[in-house]
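Work through the following exercises with the sequence and the coordinates at hand.

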Amino acid sequence: MSLNLFSLEGKTALITGSSQGIGLALAQGMARAGAHVIINGRTKDKLFSILEEFERDGLSASSMCFDVTDSATARAAFDEYEADIGPIDIVVNNAGMQHRSPLEEFPDEAFEKLLQTNITSVFQISKIAAAHMIKRGKGKIINISSVNAALARQTIAPYTATKGAVSNLTKGMAADWAKYGLQCNAIAPGYFLTPLNKALSDDPDFSNWLTKRTPAGRWGNVDELAGACIFLAADASSFVNGHTLFVDGGLTVSV
Ligand code: NDP
């Protein structure tokens, strides 16, 4: 009975940016918990090979190829799925990017692209999803924030701004949409080994600093984010709303 609270049987989940890294691990975790998962990214070939992998593992998956910054295409894909196939019960806004540069030299175009990818898309895709979820009186939106919602770091000030905005937008989604039966929450990952932060994981000085700075004494493995996501996607979190769940080995609770 208590494990049923964490079951995603019969649910469909769209995970943006899920052809690698954290998004892929979240999709695999949710599929193992029983969900049909919709994999997303901008590269068709990557999506096809991930779908083959899911099929080999006996997991239920399909794909939607779109750029999260192109809201018209995202809306068309989302609305078509809802009309032709069925409800999308869970949306994980995971697609995100990084750009590193000293703030005084930070290119305006890179700042704009970070805003578009990391925060504007979360607003737009959530609005598209919420229109369907509100009609049904239920739905789950999970936004992938970062420890940088709480902590700044040299060379990534604009990224930090977008992730602070993701956590605050999540509170706003809860304030507006909880009354319709939606639960909107965020996950703030610490440092995980993915292509996004290869520059950091390849740097032994950074890795040594990080393992000393993190109470758990190591980098995170992407599979360790799946439990938090399943909790926030399942009935277990039916009264949890507007929360940012830090999964960071204790990084943000210690100096
Ligand atoms: P990766 O760069 O490893 O993967 C990003 C994924 O998103 C890829 O599948 C990529 O596929 C897709 N993607 C990128 N841009 C777009 C876009 N505009 N539209 C659709 N899909 C897109 O990133 P991570 O897995 O490391 O990060 C995922 C999320 O987690 C991000 O929001 C990041 O900020 C956050 N995060 C990561 C941390 C970490 O330690 N790695 C720590 C804290 C937060 P394709 O290029 O084919 O589109």
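A residue is called buried under 20% relative accessible area, exposed over 50% and partly exposed in between, with a 1.4 Å probe and protein chains only. This is a predicted model, in which local features need pLDDT of at least 70 and side-chain atom pairs count only at pLDDT 80 or more, while totals for chains, interfaces and linings use all residues. Residues are numbered from 1 along each chain as its sequence is written, and side-chain values use heavy atoms, with hydrogens and water left out.

**Exercise 1. Describe the overall build of the protein chain.**

Step 1. Begin with secondary structure, where helices (H or I, at least four residues) and strands (E, at least two) are DSSP runs numbered from the N terminus; the protein chain has eight helices and seven strands.

Step 2. With contact meaning heavy atoms within 4.5 Å, 73% of the contacts between residues at least 6 apart in sequence join residues at least 24 apart.

**Exercise 2. Determine how helix α3 is placed, and which residues of α3 are buried.**

Step 1. Helix α3 covers residues 71–84, and its 14 residues reach 20 Å from the first C-alpha to the last, close to the 20 Å expected at 1.5 Å a residue; the expected span is 1.5 Å times one less than the number of residues.

Step 2. The buried residues of α3 are Ala74, Phe78, Tyr81 and Glu82. Seen down the axis of α3, they fall within an arc of 100°, so they line one face of the helix; the arc is that of the directions from the helix axis to the C-beta atoms.

Step 3. On the other side of α3, Ala72, Glu80, Ala83 and Asp84 are exposed, whereas the buried residues pack against β1, β2, β3, β4 and α4. After α3 comes Gly86, whose phi is positive, near 155°.

**Exercise 3. Trace the ring pairs around Trp219 and Trp209.**

Step 1. Rings of Phe, Tyr and Trp (its six-membered ring) pair if their centres lie within 6.5 Å, and planes under 30 degrees apart count as stacked, over 60 as edge-to-face and the rest as tilted. A search of the whole structure finds five aromatic pairs.

Step 2. Tyr191 and Trp219 form an edge-to-face pair, 6.1 Å centre to centre with 90° between the planes. Tyr191 lies in the loop between β6 and α6 and Trp219 in the loop between α7 and α8, so the pair ties together parts that are 28 residues apart in sequence.

Step 3. Phe206 and Trp209 form a tilted pair, 5.5 Å centre to centre with 45° between the planes, and both lie in helix α7, three residues apart. Phe206 counts as buried at 6% relative accessibility, while Trp209 is partly exposed at 38%.

Step 4. Ring pairs link Tyr191, Phe206, Trp209 and Trp219 into a cluster.
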